[in-house]
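The entries follow in the order in which I looked things up.

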Amino acid sequence: MSGHASAWPTPRRIVIGAGAHAELAALLQTRRPDLEIRGRPYTEITADDLTWADTYMGFRRPPLPTMGNVRWVHCTGAGVDSWLYPTELPRDILLTRTSESFGVYIAEWALARAFAVRQHIIELADAQRRHEWSPREVEYLRGSRAIVVGTGDVGSHIARLFSGVGATVHGVSRTGRGDASLFEGTSRVSELSRLVGEADWLILTLPLTSETRGLIGRDVLSQCRGTVLMNAGRGAVVDENAIPEALAQGWLSAAVLDVFETEPLPKESPLWDDRRVMISPHISGLTTPNGAVDGFIECLDAIEQGRRPTRVVDRDRGY
């Protein structure tokens with residue numbers, strides 16, 4: 001945010017670009033009846049909407065060349081990459097992000113899929129549909145080793161759940177820091193290639209930045225030894241084209257993916273048909289209407305009081 005918060009005009013006209021725009025508008029209007037609000041799916045936002053508005057609330061950027069008269073964008077999701085790439089939102093527009101914690105939801109997503117892999121749930125369900133009695137040895141999370149890349153809110157929640165069932169969790173982050181009560185140890189990202197050979201689970205929770213784009217490529221994957229890759233951060237953090245080779249070579253035993261370089265995942269992607277790949281459509285940590293409105297109100301209160309919102313995005317870091 002450039003300058004002082006007091007230099008920013010008080011927001012009054014809000015455009016909500018989201019599928020749940022009606023519910024969000026109703027909740028926001030209840031909390032702040034003084035605001036003027038328009039809403040529609042982000043793909044249907046018009047240039048007239050953005051000319052009318054001083055504020056935009058939504059996860060994704062409308063498919064328009066400019067943001068009109070909008071002076072503040074509040075992102076309702078954890079990641080703000082759609083506002084920074086491929087074209088950065090002009091820096092004279094305030095960019096904030098939600099205060100909602102997605103860690104509790106994404107941790108359950110990761111744990112559920114880890115159980116599915118170790119307990120062969122998908123294979124047993126297939127056998128049941130074929131009326132086949134199909135005994136097999138199941139494995140357990142207890143005693144396995146997870147590397148969680150990203151030790152912030154999401155990574156910390158994942159570490160808490162995996163540790164709770166007896167897995168050992170090592171954290172990897174840009175700074176090499178993490179909560180010592182949750183991670184048995186922490187390392188910097190530069191050490192990742194050395195660490196992954198000992199990992200049963202490689203769990204990614206990273207935002208997309210210039211530093212993380214393509215971070216998990218062939219050089220890292222080739223050091224894995226039957227690891228299960230989980231990605232609930234951003235698709236472009238992984239070189240998607242390297243995943244089929246990593247599975248074929250046994251570097252990965254499975255890939256559990258919630259995010260992709262292109263969403264929806266193109267129908268011609270080989271990932272759809274590989275039995276070792278588990279796909280979900282970017283649903284590991286969904287924004288809740290109340291959480292979205294709470295985050296917006298928190299930032300609005302700060303602006304109206306002449307304070308810098310705590311949720312201002314650091315444009316250089318990308319989050």
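**Entry 1: H1 and H9.** I began with helix H1 (residues 21-31) and helix H9 (residues 289-304), which pack with their axes 10 Å apart at an angle of about 45°. That angle makes H1 oblique to H9, since values between 35 and 65 degrees fall in neither the roughly parallel nor the roughly perpendicular class. I noted the crossing of H1 and H9 as right-handed. On the H1 side, the contact is made by Glu23, Leu24, Leu27, Leu28 and Arg31. H9 contributes Pro289, Asn290, Ala292, Val293, Asp294, Phe296 and Ile297. Sorted by class, this contact has eight nonpolar, one polar and three charged residues. I also noted that the model is predicted.

**Entry 2: H3 and H5.** I turned next to helix H3 (residues 103-118) and helix H5 (residues 153-164). Their axes lie 8 Å apart, and the packing angle is about 45°. H3 and H5 are therefore oblique to each other. H3 passes H5 in a right-handed crossing. Which residues meet here? From H3 I listed Gly103, Val104, Ile106, Ala107, Glu108, Ala110, Leu111 and Ala114. Their partners in H5 are Asp153, Val154, His157, Ile158, Leu161 and Phe162. By class, I recorded ten nonpolar, two polar and two charged residues in the contact of H3 with H5.

Entry 3: I then followed the chain to His120, which lies in the loop between H3 and helix H4 (121-129). What is the phi of His120? I read a value near 55°, which is positive although the residue is not glycine. Most residues other than glycine have a negative phi.

**Entry 4: cis peptide bonds.** I looked up the bond from Tyr85 to Pro86 and found that it is cis, with omega near -5°. Pro86 sits in the loop between strand E4 (72-75) and strand E5 (94-97). A cis peptide bond also joins Glu263 and Pro264, where omega is about -5°. I placed Pro264 in the loop between strand E11 (252-257) and strand E12 (277-279). For context, I note that most peptide bonds are trans.

**Entry 5: the second largest pocket.** Glu263 came up again when I examined the second largest pocket, as one of the residues nearest its centre. I recorded the division of the lining by class as 13 nonpolar, six polar and eight charged.

**Entry 6: the cavity.** How many cavities of 30 Å³ or more does the structure hold? I found one. The largest cavity has a volume of about 40 Å³. Its lining consists of Asn231, Gly235, Val238, Glu240, Ile243, Leu257 and Val259. By class, I noted four nonpolar, two polar and one charged residues in the lining of the largest cavity. Glu240 is the charged one, because Glu is counted in that class.

Definitions and conventions
Residues are numbered from 1 along each chain as its sequence is written. This is a predicted model: local features need pLDDT of at least 70, side-chain atom pairs count only at pLDDT 80 or more; totals for chains, interfaces and linings use all residues. Side-chain values use heavy atoms; hydrogens and water are left out. On a 1 Å grid over the protein atoms alone, a cavity is a set of points where a 1.4 Å probe fits but cannot get out, and a pocket is an open set with protein on both sides within 12 Å along at least five of seven lines; lining residues have an atom within 4 Å of a point. Grid points are joined across faces, edges and corners, and a volume is the space filled by probe spheres set on the points. Axes are lines fitted to C-alpha atoms, for helices over the stretch in contact, and angles run from 0 to 180 degrees between N-to-C directions. Helices (H or I, at least four residues) and strands (E, at least two) are DSSP runs, numbered from the N terminus. Angles under 35 degrees count as roughly parallel, over 145 as roughly antiparallel, 65 to 115 as roughly perpendicular and the rest as oblique. A crossing is left-handed if the near helix is turned anticlockwise from the far one by less than a right angle, and right-handed if clockwise. Contact means heavy atoms within 4.5 Å.
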